[in-house]
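Have the sequence and the 3D view ready, and follow along.

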Amino acid sequence: MVNNENLKHLIFRIQENDRQALSEQYSEMKTSVYSLALVYTKSDFDAEDIMQNTFLKLWKNTTAFEDDSHIDKWLTRVCVNECKDNFKSLFAKSTPLDEIAELSGTDSYYNIDLFNAVSSLPKKE
C-alpha cells in the first residue's frame, strides 16, 4: 500500500508525464477498480474496458488534482461514472421490440407469442 507521502510524490510524477509512475499507480489500484467495474457490469470484457478508461482519464486529468490524498476516491468515482456510461450505451444500442419481431419473421409462432406477451405488459410509470 502506498503511504500518503509516496502517493503525493507519485501524483507529482504522473503530472510530469512519468509513465512509470502511472504504471505504479495502476499496479496499486487496478484490482480495486476492476472489481468495482465487474460488480457493476457482470462482464470481464466490460470491466477491463472500464478499468482502462478509468486509468486513461487519470493520465489525462492529473493536473486537476489539488488534494493528492484522494486519488483513490477520484478513481472510484470515475470508475462508477464509466460504468453508468456503459449502461447508457447498452440501452442506446438496444433494438426496439417491433424491429425484433420484423427481423425474426412472422412464420415463427413462438416469436409472435413472445412479442405479443411483452407488448401487453403495462408500461413503466
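## A patch on the surface

Which residues form a nonpolar patch on the surface? They are Val39, Tyr40, Phe87 and Leu90, with about 340 Å² of accessible area together. Accessible areas here come from the Shrake-Rupley method with a 1.4 Å probe, and for residues only the protein chains shown count as cover. A patch is built from residues with over 30% relative accessible area and no salt bridge; like charges are joined within 9 Å, and nonpolar side chains (Val, Leu, Ile, Met, Phe, Trp, Tyr) within 5 Å.

Helices α2 and α4 each supply at least two residues of this patch. Val39 is found in α2 and is exposed, at 54% relative accessible area. The cut-offs go like this: buried is under 20% relative accessible area, exposed is over 50%, and partly exposed is in between (1.4 Å probe, protein chains only).

## What you're looking at

This is a predicted model, where local features need pLDDT of at least 70 and side-chain atom pairs count only at pLDDT 80 or more, while totals for chains, interfaces and linings use all residues. Residues are numbered from 1 along each chain as its sequence is written, and side-chain values use heavy atoms, with hydrogens and water left out.

The chain has six helices and zero strands, giving the pattern α-α-α-α-α-α. Helices (H or I, at least four residues) and strands (E, at least two) are DSSP runs, numbered from the N terminus. Of the 125 residues, 26% are buried. The accessible surface comes to about 9,100 Å², and 54% of that belongs to carbon and sulfur atoms.

In soluble globular proteins, nonpolar side chains tend to be buried together.

Take Val33 in helix α2, which is buried at 4% relative accessibility. Leaving aside neighbours within four places in sequence, Val33 is in contact (heavy atoms within 4.5 Å) with Met51, Thr54, Phe55, Leu75 and Cys79. Val33 and Thr54 are 21 residues apart in sequence, yet 8.1 Å apart in space, C-alpha to C-alpha.

An α-helix has 3.6 residues a turn, so residues three or four places apart point the same way.

The side chains of Glu82 and Lys57 meet in a salt bridge, 2.6 Å from N to O. That pair links distant parts of the chain, with Glu82 in helix α4 (residues 71-93) and Lys57 in helix α3, 25 residues apart. A salt bridge is a side-chain nitrogen of Lys or Arg within 4 Å of a carboxyl oxygen of Asp or Glu. Glu82 is buried at 9%, whereas Lys57 is partly exposed at 33%.
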